[in-house]
Amino acid sequence: MIFYGTNSSRLKDGQLPNVTCPNCQTQTSMTYSVFGKYAYIYWIPIFPMGKVNVLECNSCKRTFKLKELPEQIQRKFETEKHTGIPILHFSGLAIILLIIAYFTYSTSKHKDDEANYVKDPSIGDVYSVLSETKGQYTTMKVTGVTNDSVYVIFNNYEIDKRSGINKIDKAENYGDLIDGYTKEEIVSLYTEKTIYNIDRD
């Protein structure tokens, strides 16, 4: 299935009077159409790719691209008022920029939240952890908090990709053994990126 390519839309139609057709040599008028080309993904225009100008002799019905016509006709065509590039042809690009802006904001907001979470732990917080096993990742969940200590249970499973950490973050994967850290130790582990992500419901 083809989901990307190029297409065009008609931007303007008009008449070019008093010209001599190079095909039938008749003093006549020509009908012209201006098409805007654009690249698309899933039929959503991403960015414009210029314009195509097509003219048709009203006498012999022969069609020409503008560059195929004599310079005199080209100059006359250029004096016509032509429409600019439609904003619609940038719609896909605008969507992409909005998505990038959203994820940039979301990531920044999450990091700000993490900075608060690590200083003020809460029961239920899930820490994504770089395991002592090289190249493996796991999680630990906060089960208790006192004035100076944080108590956690570890996930029984590890995974070799950060992106798949949610696959093992399930209630049934956590053991019963509780481990304790000082709040300063938790902050230090986060600073050293041993704890690299904090999620809070």
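I began with the pairing of strand S6 (residues 137-145) and S7, which run antiparallel and are joined by 5 bridges; strands here are DSSP runs of E with at least two residues, helices are runs of H or I with at least four, both numbered from the N terminus, and two strands pair if DSSP finds at least two bridges between them. The model is predicted, so I kept in mind that local features need pLDDT of at least 70 and side-chain atom pairs pLDDT 80 or more, while totals for chains, interfaces and linings use all residues. Residues are numbered from 1 along each chain as its sequence is written, and side-chain values use heavy atoms, with hydrogens and water left out.

I noted that S6 and S7 form a hairpin with 3 residues between them, and that Tyr-151 in S7 stands opposite Gly-144. Looking at strand S8 (residues 174-182), I found it paired with S7 in the antiparallel sense over 6 bridges, with Gly-180 as the bridge partner of Tyr-151.

I then checked burial (under 20% relative accessible area; exposed is over 50%, partly exposed in between, with a 1.4 Å probe and protein chains only). S7 (residues 149-155) has 5 of its 7 residues buried, so the rest of the structure largely encloses it.

Helix H2 (91-119) and strand S3 (44-57) each supply at least two residues, and H2 gives the most, with 4. Met-49 lies in S3 and counts as partly exposed because its relative accessibility is 40%.
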